[in-house]
Amino acid sequence: MNFKLKNIGPQLITIAIVVLVFGFFTFNAQMNMENRGIEFGYGFLSQESSFDVQFSLIEYDGSHSYARAYLVGLLNTLLVAFIGIIISTILGVIIGIARLSPNYLIERSAAFYVEFFRNIPLLLQIFFWYFAALRALPLPQDADVMFGVSFLTIKGLFVPRFVWENLDIFFYSIIAAAISIVIIRNYARKLQENEGKQLPIFSISAGLLIILPLLTFLFGGVSLNFELPVLKQISTTSFIYEGGLGIPPELIALTLALALYTATFIAECVRAGIQGISKGQKEAAASIGLTPRQVLKLVIMPQALRIIIPPTTNQYLNLTKNSSLAAAIAYPDLVLVFAGTALMQTGRAIEIVSITMFTYLSISLSISMLMNWYNKSIAIKEK
Amino acid sequence: MNKLNLLKPDLNNLNTYLYAGSFLIFISLLDVFLNSFFAINVTSYLPQTISFILPLFLGFIGLHLVRIEFTGIKNLDLLNKNINTTNFNAILTLIIIFVIIKSIPPILSWFIIDANITGDTKEACTGSGACWTYIKIWLRRFVYGMYPNAEQWRINLSFISLLALGSVGYFATEKFKKYLTLYYVVIYPFIAFLFIFFFISGGPVFFEFSYGIIAFAVSIIVGFFVPKKLKVWYFLLVPIILYISLKYFLFYEESIDLGKLNGFNWVETGAWGGLSLTFIVSFFCLIFCFPVGMFLALGRRSALPTIRYISIGFIEFWRGVPLITVLFMSSVMFPMFLPEDFFMDKLVRVIIAISLFEAAYVAEVIRGGLQALPRGQYDAAKSLGMGYWKMHILVILPQALKLVIPGIANTFLALVKDTPLIFVVGLLELVGMLNLAKTNPDWLGFAMEGYVFAAIIFWIICYAMSKYSYNLEIKYKTER
């Protein structure tokens, strides 16, 4: 009896406190909204938004609804996160490996990079790229041609746009290539396990990935044209590029800063992962006659990945969350479009902030759930 | 004379290889050096690509020629072992050296040689380098924000005294060491709050030094005659009672007019800013987030399901959202949750928001430490008859916290780096002030200088913190 009371007491008190705090807040919110004549509800989402967004992946203008504006913001956030993750992974892996290089200069340079970019606030880096570095770029009419087709100007990067015909057939060919690669890999693994023969999997996969899509160009009626950006004068002093794909400077600054910043953390994860493999593993693998390549591929990497992937996913999540700093340089991401402009127009603080937070929360939680599942599946299965 | 095989240098012709190799390396470095520092292109008569590639090619051959193992020459062996192991490494080495040589002149010229620091208008900046005049003129704003110039000594004095009070732990003798935790966790934050509130903000003074000193002196003298058992309670309670009685009963007439006791001009938090605000925000968030995080971590490990689930929900919520939305919430949504006549200062709201946010991260770090402790520690403590709190305070937490020093330091670093985000609610710390100064019509076009300045300052702070945490880690490392 005594034991039970002791356990129930603190729990009841905690629940009471939580309920009281929530009740207090809800009560106040109701009172406040009543006084201001606002009604709680998400009906405003279907209203006409009547504001414009500078950069959007889907068709959008002021006549669309707030829900559509939310979608525009969300897609822009995901776009930044996606590009940032790819660049930071490539950079992070290179630098992480460079930090383990036997070459003193390379190791020091990588360490310098990590220490330098890690210790400066991300917001400052974004401001630097946007307000200082990219502002030093030439005006559209003075820009030099890069690689013959692109223009890097103060108004952004203008690259050729791909104009596809029969894009779906091209996609199918890539899917077919992917499926056949999986089958071949399984077959190769079986072959190795049963007969000890090894197939050059990498070259076969690469070949398939290149050749199958190429065949569609020849036989599938797929064609790819480039629409080049062309300088156009709209008045005596102002020029713009027409055609092509314009990447706004906000997006460039944001992804650049995010990628450079996050790469330092990923580099540290990679380094820790590779260092976490004991030297004995490498020596044991070498002693049974594996080549250095095989040691890396078959012994070191599978084990190192187990250490590297969980913290790296964390960094991906951080990158996604940090992309909300876009609001500072007016890149129309979820926070700026929805929690900024839409909130300003509707005044529905509770609904909008809660939707925004819930969105980020669900992204984070779903990724961490995926991660937990992955972690379990690759964890060492002890007998 | 042995036969020379240029593709495979060996020990037999050591000197020949060495001289040829060194000569080629020297030529390649000299070429890049002249090109970079004196803008002389020695090989300008060659086609552009070849002229560009040539030093790399020469250096590569040179490094290849000197790559001879076990020469017995100490420096050469060191060179070969560290930066010249393979052909690939040699190329990377050369590229890095060339990049360094190439980048020194423009950096030097921007920072120092072509930079200006004299004068006090934009016109003084004539050079092509940085305009440090801008930083010089705006330095006060960058450090103190919009705080009135005449009152800035208050901030300086507060920070210096807080620093002095904070360094007490360094000079404490063995006898007082056991009170240090109490001091840092309870007393020091309280003193810091008093300083910030009464001194920097100039809030109403309900504390009067003269009464305080009298109460303190009297209680110490009387304290000599108090029996030892009661001493703790005596020193906790009596000075406060004495103080209150002195102030409100004996000298009641004087203290009636509170307005008169206002020592300083009120400076509202909106005017605070610059680096000092960065310090204030990170300092308080640091102090608050640690205990909250500790309780959350204990809650998450608790055996009581409700407490555990509430802690998990709380932690995962804060960890799942970006700080900027939390700040949005604190500025636009939180006031809706408060009674209508209740006003909470912007700065206070921000500090609470950041503290709760970082507390969730601290909690996860501490949980890692708690999980790393072997079960035996818990069992041993319980077998000695310790209760939950005694066990955690005396046995578990000291060990767990020691384990997670690097993690906590990282979280604190993240906190400091997150402070610029308070621009969302309109508070302008260093980065915010830079953005404000940048738009001043008299000083347009100096964004670069400002950001470089801020980057250097933040870098120094963060780097010092990470090095300090590294030292702590080594200091508290105990063999297990």
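Trainee: At what angle do helix 4 of chain A and helix 21 of chain B pack, and how far apart are their axes?
Mentor: Keep in mind that this is a predicted model. Two packed helices are described by the angle between their axes and the distance between the axes. For helix 4 of chain A and helix 21 of chain B, the values are an angle of about 20° and axes 10 Å apart.

Trainee: Are these two helices roughly parallel or roughly antiparallel to each other?
Mentor: Angles under 35 degrees count as roughly parallel, and this pair packs at about 20°. Helix 4 of chain A and helix 21 of chain B are therefore roughly parallel.

Trainee: Which residues make that contact?
Mentor: Helix 4 of chain A passes helix 21 of chain B in a left-handed crossing. On the chain A side, the contact uses A:Leu123, A:Leu124, A:Phe127 and A:Phe131. From helix 21 of chain B come B:Val431, B:Asn435 and B:Lys438.

Trainee: Which helix gives the largest share of the side of chain A that touches chain B?
Mentor: Across the two chains, 48 residues of chain A are in contact with 43 residues of chain B. Several helices of chain A each supply at least two residues to that side, including helix 3 (104-118), helix 4 and helix 9 (292-322). The largest share is twelve residues, and it comes from helix 1 of chain A.

Trainee: What do the buried residues of helix 20 of chain B pack against in chain A?
Mentor: Helix 20 of chain B has 14 residues. Among its buried residues are B:Ile405, B:Ile408, B:Phe412 and B:Leu415. They pack against several helices of chain B, including helix 14 (274-300) and helix 22, together with one from chain A, helix 4.

Trainee: How is helix 14 of chain B oriented to helix 15 of chain B?
Mentor: These helices pack at an angle of about 130°, with their axes 7 Å apart. Their crossing is left-handed. B:Leu296, B:Gly299 and B:Arg300 of helix 14 meet residues of helix 15 that include B:Ile307 and B:Phe314. The angle of about 130° makes helix 14 of chain B, relative to helix 15 of chain B, oblique.

Trainee: How far apart in space are A:Ser46 and A:Ser65?
Mentor: Leaving out residues up to four places away in sequence, A:Ser46 touches A:Ser65 and A:Ala67. A:Ser46 and A:Ser65 are 19 residues apart in sequence, and from C-alpha to C-alpha the separation is 5.2 Å.

Trainee: Which residue is the bridge partner of A:Leu231?
Mentor: Strand 6 (residues 230-233) and strand 7 (residues 239-242) of chain A pair in the antiparallel sense over four bridges. A hairpin through five residues joins strand 6 to strand 7. In strand 7 of chain A, the partner of A:Leu231 is A:Tyr241.

Definitions and conventions:
Residues are numbered from 1 along each chain as its sequence is written. Chains are lettered from A and ligands numbered from 1 in the order in which they are written. This is a predicted model: local features need pLDDT of at least 70, side-chain atom pairs count only at pLDDT 80 or more; totals for chains, interfaces and linings use all residues. Two strands pair if DSSP finds at least two bridges between them. Axes are lines fitted to C-alpha atoms, for helices over the stretch in contact, and angles run from 0 to 180 degrees between N-to-C directions. Angles under 35 degrees count as roughly parallel, over 145 as roughly antiparallel, 65 to 115 as roughly perpendicular and the rest as oblique. A crossing is left-handed if the near helix is turned anticlockwise from the far one by less than a right angle, and right-handed if clockwise. Two residues are in contact if their C-beta atoms, placed from the backbone, lie within 7 Å. The expected span of a helix is 1.5 Å times one less than its number of residues. A residue is buried if 20 or more other C-beta atoms lie within 10 Å of its own, exposed if 12 or fewer, and partly exposed in between; C-beta atoms are placed from the backbone.
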